[in-house]
Amino acid sequence: MVPKSNRPHEFTRRQFLGGGSALMAFAAMGGLSALVAACGGGDPIDEGAEPGTDFTGSLGVLIGTHMDPVKALLEQHQASVGFAPTIEEVTTPDLRSKLTTSFLAQSSPWDAVFVTAELGAELGTRGWLTNASIFMDDNVRTESDLLTRGLGAVELGDNTLAAPWTMGSQLLHWNKQMMEQAGLDPDAPTNWHATPNSWDTFVEYAKAMTGERDGTQYYGYTDAWAGAHVLWTWGGMLNMHGGSFLDEEQQPNWNSEEGVEALQKLYDLLHTHQVVDPAVTTYTWVFDATPGFFEGTRGMFISWPFVAGVAAIPEASQIAGHSAFAPNPAVVTSGSVDGSEFFGVPVYAENKDEAWRLLEFITSREGQRVVAMGGWGSIYSGVLQEPDIVEAFPFYPALAKAYEYPVDGGWSEDRPRWTQMLADEIHEVLAGNKSPKQALDDAAAAANAARRQDEE
């Protein structure tokens, strides 16, 4: 991989002001006067972009409540720098509101903040994150085994807006015992990711495992498709077909031929083949779908890597010793949707160099070993394949392999809005109310109309 250290960092004031929502946000802060004030002096997102040595001995960090490895790293960091950071925790659903409320007031009590893949483009386009390109070039992109596909959510042109602390995309999980009982080869899914059109075999396997036996209903596949959660699976299928959510101009592209075919396959699982648990459209997140998989009544499950770890625990799973995992099946290629997480440095942070020093530790190979041993995917392929780490977490090599295939999620400033529009239209198809083409066209039209309204 070619380091980006020589690339110009061109995140300009024009980009800072780009997008109607940014203008609306600044209007809410005080209209034109606030806008002019924000534009005064240097480009706000580049201030503090070059890590220095102004170590103030003070550091505020906003982390997710799920980030146990980061908590461990903060303890180690404290021992190294000699002072205790101020740590605040937030749930992922509350993150957007918390950051937006603070940044609209042009303030930040934190020097480093948790950023999800879904929020990266929005925060970056609004000019709320310090440009992390120099930090990334000097500390992260220098590593040849960086999983670069996991950076898409925080890349804007030649700039990178935040530093990753973990990477994760969905994998195919399966119950080997159910496959054996259905007369199937339980090891065959291991190589489906490298076999074009293996999706068809996936469907045949799901059919063979579906049926009622001894008064219990079994299904070949389960998932969580309620609300916008359906986009994880459909998005992965879109990537499998070689499609994309957005085109190079950030315009809706999901109503392409590839998108239509992906949606038809989703519909077929539920209605034509009837191989998926019909309750999937009511399952709002992964934990609604896991009970059936762990009880051994659902054969396959496309979901997050941690499912493999829980499935192997006898106290938590009835399929312990019978579960397996691999990158997703293929149509044109294998594919998934990235769910990486990041840390950004707010433009309003007062201790930026302390923040960069912390992020240097988190993204170091030493820090990434702590992340991996804490059950979260490292950002470096090599760490995911170190023998002692693989012994503890056997699914990590499959995760590294998954990043060799497309994981695009359609990252744009207005993603939170259009994902809901798109999900609503996909559910119209699953309910039998619209054709895939009509639904995807309607979602694209609604997204474009909302953008035009922003510009008025």
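These legends go with several close-up views of one predicted model.

In this predicted model, local features need a pLDDT of at least 70 and side-chain atom pairs count only at pLDDT 80 or more, while totals for chains, interfaces and linings use all residues. Residues are numbered from 1 along each chain as its sequence is written, and side-chain values use heavy atoms, leaving out hydrogens and water.

**View 1. Confidence along the chain.** The chain averages a pLDDT of 90, and 91% of the residues score at least 70. (pLDDT is the predictor's confidence in each residue, from 0 to 100.) Residues 1-41 have a pLDDT below 50, and that stretch has 72 contacts in the model beyond near neighbours in sequence. Contact here means heavy atoms within 4.5 Å.

**View 2. Helix H10 meets helix H18.** Here are H10 (residues 257-272) and H18 (residues 415-430), whose axes come within 10 Å and cross at roughly 45°. Helices (H or I, at least four residues) and strands (E, at least two) are DSSP runs, numbered from the N terminus. Axes are lines fitted to C-alpha atoms, for helices over the stretch in contact, and angles run from 0 to 180 degrees between N-to-C directions. The two helices are therefore oblique to each other: angles under 35 degrees count as roughly parallel, over 145 as roughly antiparallel, 65 to 115 as roughly perpendicular and the rest as oblique. Their crossing is right-handed, meaning that the near helix is turned clockwise from the far one by less than a right angle. Look for Leu263, Leu266, Tyr267, Leu270 and His271 from H10 against Ile426, Val429 and Leu430 from H18. Those residues split into 7 nonpolar, 1 polar and no charged. (Ala, Val, Leu, Ile, Met, Phe, Trp, Tyr, Cys and Pro count as nonpolar, Asp, Glu, Lys and Arg as charged, and the others, Gly among them, as polar.)

**View 3. The buried residues of H10.** Gly259, Ala262, Leu263, Leu266, Asp268, Leu269 and Leu270 are buried in H10. Buried means under 20% relative accessible area, exposed over 50%, and partly exposed in between (1.4 Å probe, protein chains only). They pack against helix H8 (198-209), E9, helix H9 (230-240), H18 and helix H19 (436-455). After H10 comes Gln274, with a positive phi near 50°.

**View 4. Thr284, between H10 and H11.** Thr284 sits in the loop joining these two helices and, at 49% relative accessibility, counts as partly exposed. Not counting residues up to four places away in sequence, Thr284 touches Ala226 and His229. Gly259 is 25 residues from Thr284 in sequence and 22 Å away in space, C-alpha to C-alpha.

**View 5. Helix H11 and what covers it.** In H11 (residues 286-295), the buried residues are Val286, Ala289, Thr290, Gly292, Phe293 and Phe294. Their cover includes strand E7 (171-175), strand E9 (216-222), strand E10 (298-303) and helix H12 (306-311). Just past H11, Gly296 has a positive phi of about 90°.

**View 6. Helix H3 packs with helix H14.** H3 (residues 68-81) and H14 (residues 365-373) pack at about 140°, with axes 8 Å apart. That makes H3 oblique to H14, and the crossing is right-handed. Pro69, Ala72, Leu73 and Gln76 of H3 make the contact with Glu366, Gly367, Val370 and Val371 of H14. By class, that gives 5 nonpolar, 2 polar and 1 charged residues.

**View 7. Asn351 in its loop.** Asn351 lies between strand E12 (341-344) and helix H13 (352-362). Asn351 is buried, at 11% relative accessible area. Leaving aside neighbours within four places in sequence, Asn351 is in contact with Thr56, Ser58 and Asp111.
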